[in-house]
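Student: Please take one part of this model and go through it closely. I would like the geometry spelled out.

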Amino acid sequence: MRQIFAILLIATLTACAGTTTQYSRADQQSVADEAARLDKISKAGNISASYTPVKLTDSRYTPEDRMAMIAGRILTAAAPYCGNRIENSFLLGVRSYQNAPVTITSPLAVKASGEKNDIQYGDEIQMVDTTSIGNGTPGLQTLVSLLTTAAKNNKPLTLQVQRKGVSNLIRVRLQPVPRCSFGLVVENNTQELNAYADGKDLHFTLPLMNLLSDDELAFVAGHELAHNILEHVSKTQNNAAVGGLGGTLIDLIANSQGVNTGGKFGNIGASMGVMKYSQDFEREADYVGMYITELAGLPPEAAIGVIEKFSKQNPESIRYASTHPANAERAANARLTLAEIRQKQATGQPLQPNMRPPE
Ligand SMILES: [Zn+2]
């Protein structure tokens with residue numbers, strides 16, 4: 001059934017430069033109720049999640065490793081919707097230090113069928129099939145070359161890893177899986193709470209990563225991925241008839257009012273003019289992003305958690321729409337989308353966004 005959604009999305013993509021899906025739109029009363037609720041939350045000391053959070057990482061993970069773990073799941077779950085922008089991957093993050101074994105830092109790999117062992121953060125890779133993996137950069141190069149070739153040929157590989165506190169090597173057979181071939185970028189030289197998609201990569205600023213939980217970041221990754229899948233960047237450029245400005249759209253999901261804008265994005269905005277997605281594209285990215293989050297096995301309720309945190313950061317955004325619809329509307333729409341997803345699951349319908357009927 002996933003394949004049908006993929007084909008539908010691609011078929012409708014080329015038709016016009018508008019939206020593709022029948023995204024949720026809450027009525028005025030629901031938006032007003034949500035605004036009152038967000039007012040309370042923005043004044044409360046702590047925000048407690050209304051769902052059971054899923055923790056994918058801990059303090060050992062660098063921001064890049066954490067993003068690989070979280071967005072990696074999103075890029076894999078959405079593979080059927082990414083058209084020809086897919087590639088096979090072992091989803092393995094590794095790091096090598098000088099003269100030290102190559103160490104696993106994002107253990108998001110998929111086990112081959114029947115495999116009982118698993119890989120863990122910190123495992124040191126000793127062998128891949130019959131090839132021994134050396135230390136440092138040469139070892140890393142050998143490993144990357146073996147992984148890349150096997151992924152391309154869709155062949156499983158057997159890793160032998162040394163785990164702290166375990167005397168014998170552990171053998172784990174891994175299977176490459178298709179994932180959307182968009183890159184991940186952590187922006188660490190800015191104070192802004194922001195994430196954006198440029199048609200090629202998904203970008204997340206460090207302050208945003210520090211504000212959000214793992215599943216909230218997963219939803220943001222799903223939102224940004226939806227912008228790329230639905231080609232909102234090129235559609236915006238077409239709609240605005242502004243060629244030559246480059247492919248970057250600043251997607252201020254947190255409304256950066258009140259935070260330092262002297263960082264990288266401020267400079268980009270000043271020098272090339274900031275283009276913004278239409279609010280309909282934002283509604284659509286929230287809608288499709290929640291479906292992708294659920295398909296990745298993570299709670300789509302995290303969308304509401306993100307909006308609550310943004311409302312606390314910037315209470316004015318509860319009612320004031322800027323680059324995105326006002327937070328009250330986003331939260332009310334998210335509740336409709338959540339109900340739609342749960343209803344489809346309860347009645348055994350395929351878990352895919354509703355498509356806009358042809359005009
Ligand atoms: Zn957006």
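Tutor: What follows is a look at one helix and then at a group of paired strands. The model is predicted. Helix H2 covers residues 28-43. At 1.5 Å a residue, its 16 residues should span 22 Å, and the end C-alpha atoms are 23 Å apart, which agrees. The buried residues of H2 are Val31, Glu34, Leu38 and Ser42. Seen down the helix axis, these buried residues fall within an arc of 75°, so they line one face of H2. For this step, buried means that 20 or more other C-beta atoms lie within 10 Å of the residue's own. Helix H10 (302-313) and helix H11 (327-346) are included in what covers the buried residues of H2. On the face turned away from the buried side, H2 carries the exposed residues Gln29, Ala36, Lys40 and Lys43.

The strands can be read from E5, residues 124-128. E5 pairs with strand E3 (residues 102-107) in the antiparallel sense over two bridges, and threonine 103 stands opposite glutamate 124 of E5. Strand E7 (residues 157-162) also runs antiparallel to E5, joined to E5 by four bridges. There, valine 161 in E7 is the bridge partner of isoleucine 125. Strand E6 (residues 131-132) is joined to E5 by two bridges, again antiparallel, with methionine 127 opposite serine 132 in E6. E5 and E6 form a hairpin with two residues between the strands, where aspartate 129 takes a positive phi near 50°.

How values were computed: Residues are numbered from 1 along each chain as its sequence is written. This is a predicted model: local features need pLDDT of at least 70, side-chain atom pairs count only at pLDDT 80 or more; totals for chains, interfaces and linings use all residues. The expected span of a helix is 1.5 Å times one less than its number of residues. A residue is buried if 20 or more other C-beta atoms lie within 10 Å of its own, exposed if 12 or fewer, and partly exposed in between; C-beta atoms are placed from the backbone. The arc is that of the directions from the helix axis to the C-beta atoms. Two residues are in contact if their C-beta atoms, placed from the backbone, lie within 7 Å. Two strands pair if DSSP finds at least two bridges between them.
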